[in-house]
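Biologist: I'm new to this one, could you put it on screen and take me through a few parts of it?

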Amino acid sequence: DLKNNLISTIEPGAFHGLPELKRLDLSNNRIGCLTPEMFVGLSSLHKLNLSGNIFSSLMNGLFSELLALKALHFNTDSLICDCNLKWVLQWARNASVRIAEETVCAYPSALQGLSFRNLNENQLICAGPLELPLFELIPSQRQVVFHGDRLPFQCTATYVDNTTQVHWYHAGRLVETDEESGIFVEDSIIHDCCLITRELILSSIDIDATGDWECLVNNSYGNSTKQVEIVVLETAAPYCPAERVINNKGDFRWPKTLAGITAYHPCLQYSFNSIAFHNGAEESKAWRKCNRTGRWDEENYSECPYSQEVTQVLHAFSQMHINLTTVLEFSRQLTAYTRGASHFADKMDVIYLAYIMEKLIVFVDEVEDIGDALIEIASNIMLVDDHVLWMAQKEDKACTRIVRCVEHIASQILTSNIQVISKVSHNIALEAFMIKPSSFTGMTCTAFQKISANSDKSVVRDLGSWEENHHPDQHLNFKCNTGNLNGSLVNSSTRNAVAVASVHLPQSVFSQSSAWQSVDNSTCKLQFIVFRNGKLFPSTGNSSNLADDGKRRTVATPAVFAKIDGCSFGNLTSPLTIGLRHFARGIDPIAAFWDFDLLDGHGGWWGEGCYIISSAGNITTIQSTHFSNFAVLMDFKTVLSFPQYPGEFLHPVVYACTAVMLLCLFASIITYIVHHSTIRISRKGWHMLLNFCFHTALTFAVFAGGINRIKYPIICQAVSTCL
């Protein structure tokens, strides 16, 4: 009985002269090297216990000297049951040796805990991934060192078989000894036939040593790696300042951090998403890198949850799987949720909605109501704040993707069985038709906004009243008429509805065969879309300059889309005529269309092929020689808007109080001048008091006499400049 004796080595022939030994217990020692020569002379040994040692495999033919062996124990915490132990099963079967039930596999994980003797030979295979009982890198944590320091590393792993090797890598490149650079890679050392170690010594660390250093252990059927980060600092390294960052993931306070270091911050937890964290999930973290110049550089908040519940919900919507069975209910829930879009405050809300709409559009031709849901969702998105839409467009072209989805609805729904579709919503209306070029006689479509029956009829004429005072339930809708008559938008409004836009497509658009060609020589798809305003067309760059000769202009009318699918066109021989009602006051109007290709695909307004033909009151009529989204842009910033003229005179009390104040001030001025010699005050103080009283009196007098004189802005500006 030799168990529990910390035996690490047994010399060959150590048991020579013990031919009558029946049982040998070497369990719970530190034996790693086992060879057949160790057991020479044990010709009568019946039972051998090798459990609890540090070996992970047994060399082929290990028990060739034990001819009388009947029972064998070799359970260890690092036993690898692979192809290198297949011989043991064959030998035990042929020699009638019973392997103990408690001898179980520790590796690989697929066989972990299974009794070795119950395994089949086809289960003992050598295949990746490589699983090692021991794989240790010292030091294993990030090392922050100064230039010129010495830093040794030691990589130790289980020695699986004679194909096992250890290599060092830095930045993906194999590291070899380089004395000039102070890098020394020692030869591999095998310990006790079960461990392999290889050292790396950086004797004089340079700045280039910054980064990940990797130890790779491989054999004939796999490899495994561990890595450690080195951060090399200059002797006088700068710091990144403490900084507070507030974003859509929360409020983060980053501490003062040494240059070259990556700082970590635990994600903030919120009441509506804390379940997973409290259930034992690993804590997520955000990180920021402080670069070598002492400035915050890269950062990553992707593992952190959103701080707003709306964004959390929309993110969950975007991750849901949609199929024909679930898409209708899914679209209804999303439509209901987006009715509160006016409260959406994060650009990611719009980006997620654009992504979801792109998932829904593929079901439009298979599920009838999906088209209505998409129009309603896009309409609700137009309630989002302008700046949020601008940020979403700049970040991921979200508004462009939403508009594209709306434009694709008609082309997917219209078929030989469905000749006409009409979609209405609060902010978007769509009308589409299957038409035959051979019998086309022209078409005019007018978009209406209903108004209350008891409203004053003058509301139709008031600038912007239809857009600002509409009721939530009053949708935009189209009314289309065939024929080549171009109805004026001025005369289209009725008592209960105001016309906000119109499009006239003349009969001559198909008059020349060279200008069009139908895909099937019989039908084309004509569609009109009106957007209540230009919120889904935000200019993310200096794009408005492209359409207005260098002046900053903004969309002042609804945006109208017209297109024919199924026919190929060049420029139209007869232009489209579009009438648009303004919803805001401005100057210098210009006709423009939205070009999706401008600004690297972010889109922008462009004026080529569009021109204004008339402007009367708050209605502008434009023409274009191509199909697109059209609007009128105007300059809002230079428009001077004054309140109603208040009248010639102020309240009498104002004049009375002003007179009393002037009397007191001038009395003070006269007193200081007349009694200057008797008042004991410095000359500088005397001048200061006189100037103060005089300018105060002047201010009161100008206020009382000129505050309501606003008929001539230039005079007001001149007086203010003088003062």
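Biologist: How do strand E20 and E21 pair, and over how many bridges?
Modeller: Strand E20, residues 285–290, pairs with E21 in the antiparallel sense over three bridges; strands here are DSSP runs of type E with at least two residues, numbered from the N terminus, and two of them pair if DSSP finds at least two bridges between them. This is a predicted model, where local features need pLDDT of at least 70, side-chain atom pairs count only at pLDDT 80 or more, and totals for chains, interfaces and linings use all residues. Residues are numbered from 1 along each chain as its sequence is written, and side-chain values use heavy atoms, with hydrogens and water left out.

Biologist: What stands opposite Trp287?
Modeller: Asn300 in E21 stands opposite Trp287.

Biologist: And which strands stand at the edges of the sheet?
Modeller: The open sheet has three strands in the order E19-E20-E21, with antiparallel pairing. Strands E19 (262–266) and E21 (296–300) stand at the edges with a single partner strand each, so one side of each is left without a neighbour in the sheet.

Biologist: Switching to charges over rings, where does the charged end of Lys249 sit?
Modeller: It sits over the ring of Tyr306, 4.7 Å from the ring's centre, and Arg404 lies over the face of Phe596 at 3.8 Å from the ring centre. A charge counts as over a ring if NZ of Lys or CZ of Arg is within 6 Å of the ring centre and within 35 degrees of the ring normal.

Biologist: Is Trp87 buried or exposed?
Modeller: Trp87 is buried, with a relative accessible area of 10%, and Trp91 is buried at 18%, where buried means under 20% relative accessible area, exposed over 50% and partly exposed in between, with a 1.4 Å probe and protein chains only.

Terms used. Helix = DSSP H or I, 4+ residues; strand = E, 2+ residues; numbered from the N terminus.
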